[in-house]
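Please look over the sequence and structure shown below before reading the report. The notes are meant to be read with the model open.

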Amino acid sequence: MIVPGIMGSELRDTESGKSLWGVGRLMAYSARAHMKRLRNLAVTEDEREGRTGRVEATGLLESAEWMPGLGSAHPYSSLVSEMRRSVVHRDALLPFPYDWRLSVEHNGALLAETVRRHLKAWRAHPEHQRYLVDNPEAGAARLVFVAHSMGGLLTREVLHRDPTVREDIRAVMTVGTPFHGSVKAVLMLNSGKGLPLPVPPAALRQVAPTMPGLYDLLPYYRACEEDGDMRVPDVEDIVRLGGRRELAKATVDWRTSRYGTALPEHITVVGVGQRTWTSYRLDGDTAVFGRYLFKRYNDGRLHLDAEGWPQQDTRTGDGTVYEHAAQLPDVVRPVYFYHEHSHLIRSRSVLDMASGLMRGLRHPGERGAMLGDEATFELHTPDWAGLHEPFTIEVNGVDDRTADLECTVREVSGLDEVLSPVLRPVPGRPGVLEAACLPDRPGMYEVEVNGGEEPKRRLVPVLETEHDG
């Protein structure tokens with residue numbers, strides 16, 4: 001089973017047949033176009049009440065997409081192709097697209113039903129029967145989940161709803177799953193107030209508070225700073241951000257009831273080394289974000305400095321999920337990679353791990369030194385850029401092994417434009433390289449830096465920023 005993350009499934013309006021998400025070629029790349037698409041994604045009252053069907057998921061994402069506040073989403077074509085080569089027969093593989101605007105509880109229930117049907121169908125499949133004749137020691141097929149981002153939450157929901165399915169699971173691999181939430185969901189729910197975004201907050205306010213799936217991604221750790229301490233955001237905190245009380249209560253209740261659900265044979269892939277918001281505080285009704293938490297003793301007490309102030313502890317992650325928020329207590333050995341959230345699932349190392357699961361790998365320790373990312377340099381780009389405004393590409397952590405890095409910028413939404421900005425050392429900042437990039441057309445640009453074991457990539461939408469408010 002391949003279970004994608006939020007924004008990772010293409011969506012279509014069933015009445016008009018119009019694509020709502022996963023458009024592919026978007027030649028008119030502008031803030032206005034994004035505003036229009038955002039408004040079409042708002043969840044209606046009927047949908048929140050369970051009367052769904054207005055929108056359907058038609059498949060896994062096959063083109064790069066981007067949402068203000070949440071960031072970018074990459075296609076899943078590389079993962080699907082890799083897994084098809086790894087299974088006994090293509091019918092053994094089942095991607096699970098879903099309407100990610102809706103709650104994890106809703107979509108997890110659909111996944112639970114799909115899982116049972118798929119396993120039953122594959123066990124009865126002629127290719128499976130033929131495989132057992134040739135390999136009688138293998139036994140009946142069992143489930144392997146490869147879940148990215150929100151997909152890991154759906155997979156855990158399956159275990160909560162049907163504990164008996166545990167016996168039929170051989171392995172679960174989660175990649176960048178926000179088990180404890182993401183502060184980026186706070187930005188989206190708070191309508192981008194206080195930050196430069198290409199669409200006005202009013203456009204986000206029409207959409208974000210309506211989406212139950214977004215609430216399920218809110219941080220569920222001490223991320224809310226107030227009065228010299230940090231705490232887990234509660235219902236009132238979510239309402240203050242701009243959330244709806246009934247959806248806030250539903251997500252808090254849901255998280256509390258699922259917290260103790262463990263995943264069997266769980267391999268966790270965690271992104272690190274990327275600048276990641278880990279906390280926030282409210283200034284009036286505007287969220288102010290930080291890349292730190294407060295240090296604490298083992299008993300939970302704050303670690304104070306000589307002047308009595310809480311000591312800040314700078315943290316990283318994959319740019320979306322704080323590294324420890326992507327882990328569950330039952331995980332023995334997380335596997336760390338220096339990749340951005342949406343690129344994790346496309347990296348060669350992660351694809352190799354997923355393929356290895358189909359050949360009997362149950363724990364990453366079995367691959368020893370083959371695992372882990374030696375190229376620890378960091379790639380940083382802006383979340384978006386305006387047309388005719390150069391944006392900066394920054395690489396940190398450059399050493400002798402990665403000094404000869406090359407940068408390529410490709411437009412990936414249909415324009416086929418390729419740029420080659422030159423990375424140069426930054427005076428006074430050892431180990432830092434920078435390049436300026438100035439595309440002359442709007443579009444979705446993928447920045448790729450080659451060096452070390454495999455490339456680092458990030459998406460940068462370049463938009464015409466005039467909009468109608």
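## Confidence

This is a predicted model. The mean pLDDT of the protein is 89, and 93% of the residues reach at least 70.

Residues 367–374 should be read with caution. Their pLDDT stays under 50, and the model gives this stretch 20 contacts beyond four places in sequence.

## Nonpolar cores

The largest nonpolar core holds 105 residues. Met67, Leu79, Trp100 and Tyr280 have the most contacts inside this core. In soluble globular proteins, nonpolar side chains tend to be buried together.

Beyond its neighbours within four places in sequence, Trp100 is in contact with Ile6, Met7, Gly8, Ser9, Leu11, Trp21, Leu41, Met67, Asn107, Met150, Met211 and Gly213. One of these contacts, Met67, is also listed with Trp100 among the residues with the most contacts inside the largest core.

## A three-stranded sheet

Three strands form an open sheet in the order β3-β2-β4, and their pairing is antiparallel. Because β3 (19–21) and β4 (55–60) are the edge strands, each with a single partner, one side of each has no neighbour in the sheet. From one strand to the next the twist averages 35°.

Strand β2 (residues 9–13) is joined to β3 by 2 bridges. Arg12 has Ser19 of β3 as its bridge partner.

## Two helix pairs

Helix α3 (residues 77–86) packs against helix α13 (residues 348–357) at an angle of about 35°, and the axes are 9 Å apart. Their crossing is right-handed. From α3, the residues at the contact are Ser78, Leu79, Glu82, Met83 and Ser86; they meet Arg348, Leu351, Ala354 and Ser355 of α13. Leu79 is also one of the residues with the most contacts inside the largest core.

Helix α6 (residues 150–161) and helix α11 (residues 245–258) cross at roughly 65°, with axes that come within 11 Å. This crossing is left-handed. Here Leu153, Arg156, Glu157 and His160 of α6 meet Trp254, Ser257 and Arg258 of α11.

## Helix α13

Of the 10 residues of α13, 8 are buried. They are Ser349, Val350, Leu351, Met353, Ala354, Ser355, Gly356 and Leu357. The cover over these buried residues includes helices α3 and α12 (341–344). It also includes strands β7 (143–148), β8 (169–175), β11 (266–271) and β18 (335–337).

## Strand β27

Which residues of strand β27 are buried on each side? Lys456, Arg458, Val460 and Val462 are buried on one face, and Arg457, Leu459, Pro461 and Leu463 on the other. Since 8 of the 8 residues of β27 (residues 456–463) are buried, the strand is largely enclosed by the rest of the structure.

Strand β27 pairs with β26 (residues 443–450) in the antiparallel sense through 7 bridges. Glu446 has Leu459 of β27 as its bridge partner. With β20 (residues 385–386), β27 forms a parallel pairing over 2 bridges, in which Ala385 stands opposite Val462.

Conventions: Residues numbered from 1 in each chain as written. Predicted model: local features only at pLDDT ≥ 70, side-chain atom pairs only at ≥ 80, totals over all residues. Heavy atoms only, no water. pLDDT = per-residue confidence, 0-100. Contact = heavy atoms within 4.5 Å. Core = buried A, V, L, I, M, F, W, Y, C linked by side-chain atoms within 4.5 Å. Buried < 20%, exposed > 50% of the residue type's maximum accessible area, 1.4 Å probe, protein only. Pairing = 2+ DSSP bridges. Helix = DSSP H or I, 4+ residues; strand = E, 2+ residues; numbered from the N terminus. Axes fitted to C-alpha atoms, helices over the stretch in contact; angles between N-to-C directions. Left-handed = near helix turned anticlockwise from the far one by under 90°.
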